Amino acid sequence: MTRVLLLGGTTEATALARLLAEARVDAIFSYAGRTDKPMAQPLPMRVGGFGGVAGLVAYLRAEKISHVVDATHPFAAQMSTNAVAACAEAGVPLVGLERPGWHAEEGDAWTHVADMGGAVAALPSEGARVFLAIGKQHVSDFAVKPGNFYLLRLVDPPKAALPLPNAEAVIARGPFDLASDRQLLERHAITHIVAKNGGGAGARAKLDAARALGLPVVLVDRPHVPPRRVLTSADAVMAWLDHSADLGV
Ligand code: NAP
């Protein structure tokens, strides 16, 4: 019997949830619980961590999960690493649903860095007006360069003071578009953008806006995830599930 655990938190996970619901596949949608109001899904939902690899193994067994689809964000490397280990231990087939990373086009001025420390190092020490398009994690890393202004874009209003002396937050949930991202950069007189190479159409708007305005971008490379089968579309995952069911896996 097919029973899918879908690890979510991305546009791709939401697209797959719709296909699974339409096809009446028995599936559970899992959120980490990072945002105050996670988007409703047309599948039964659970929210919160599993408790590491051991917790996920126990969950897979208790819920009799037959397949896991890891559609978490490419930077959610801990969850993806845990899923690889837990699925191997529990003998459950796993697939990653992953959007391709972005590649620079003519007119882009990107500096690639390996991690957030590299992004901090790549910025001027003072006087820059930086759009930190990195979510809420790692914002405090930039406190070592207090002479810059930082603009954050967050899904939920911050519950405590921002950990940077000269910063402002705009509250918005993607997907975003070129015109409004260009306006945002102009309104705040942004000189530098820091972003993660998350991939995807909606999140790319800030990079297109940067190109239009001739602004430099510091782009953080994706973290390492152990090898696993990867598919790049929700349709391909549906075909994989169909095929596995035919084989009785
Ligand atoms: P992470 O560092 O890889 O995960 C940390 C821990 O959070 C995991 O070990 C797991 O806890 C729990 N977790 C993560 N995703 C989960 C899920 N879908 N269901 C249940 N538990 C989950 O992940 P993160 O970077 O904090 O991202 C958290 C969520 O935000 C993910 O769902 C991701 O898709 C979404 N998101 C992340 C980013 C980003 O830039 N990192 C951007 C957009 C959306 P246990 O070990 O206790 O199981």
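The shell around the ligand

Guide: Sorted by class, the residues of the shell around the ligand are seven nonpolar, twelve polar and three charged. In this sorting, Ala, Val, Leu, Ile, Met, Phe, Trp, Tyr, Cys and Pro are nonpolar, Asp, Glu, Lys and Arg are charged, and the others, Gly among them, are polar. The model is predicted, and local features need pLDDT of at least 70, side-chain atom pairs count only at pLDDT 80 or more, while totals for chains, interfaces and linings use all residues. Numbering runs from 1 along each chain as its sequence is written, and side-chain values use heavy atoms, with hydrogens and water left out.

There are 22 residues around the ligand, and those that come nearest are Gly8, Ser30, Phe50, Met79 and Lys196; a residue is near when one of its heavy atoms lies within 4 Å. Met79 also has a polar backbone atom 2.8 Å from an oxygen atom of the ligand.

Which elements build the shell? Strand S2 (27–31) and helix H3 (77–90) each give at least two residues, and H3 has the largest share, with four. Helices (H or I, at least four residues) and strands (E, at least two) are DSSP runs, numbered from the N terminus.

In H2, residues 52–62, the buried residues are Gly55, Leu56, Val57, Tyr59 and Leu60, where buried means under 20% relative accessible area, exposed over 50%, and partly exposed in between (1.4 Å probe, protein chains only). An α-helix has 3.6 residues a turn, so residues three or four places apart point the same way. The cover over the buried residues of H2 includes S2 and H3, together with strands S1 (4–7), S3 (45–47) and S4 (67–70); contact here means heavy atoms within 4.5 Å. Just after H2, Lys64 has a positive phi of about 50 degrees.

Asp108 counts as buried because its relative accessibility is 16%. A polar atom of the Asp108 side chain lies 2.6 Å from the backbone nitrogen of Glu105, and a polar contact of 3.2 Å joins the side chains of Asp108 and Arg211. A polar contact is a pair of N or O atoms within 3.5 Å; within protein, one must be able to donate a hydrogen and the other to accept it, and residues adjacent in sequence count only if both atoms are side-chain atoms.

As a whole, the chain has seven helices and twelve strands. Its radius of gyration is 20 Å, close to the 18 Å that the globule rule gives for 249 residues, so the chain is as compact as a globular protein of that length. This radius is taken over C-alpha atoms, and the rule is 2.2 Å times the number of residues to the power 0.38. Buried residues make up 45% of the 249.
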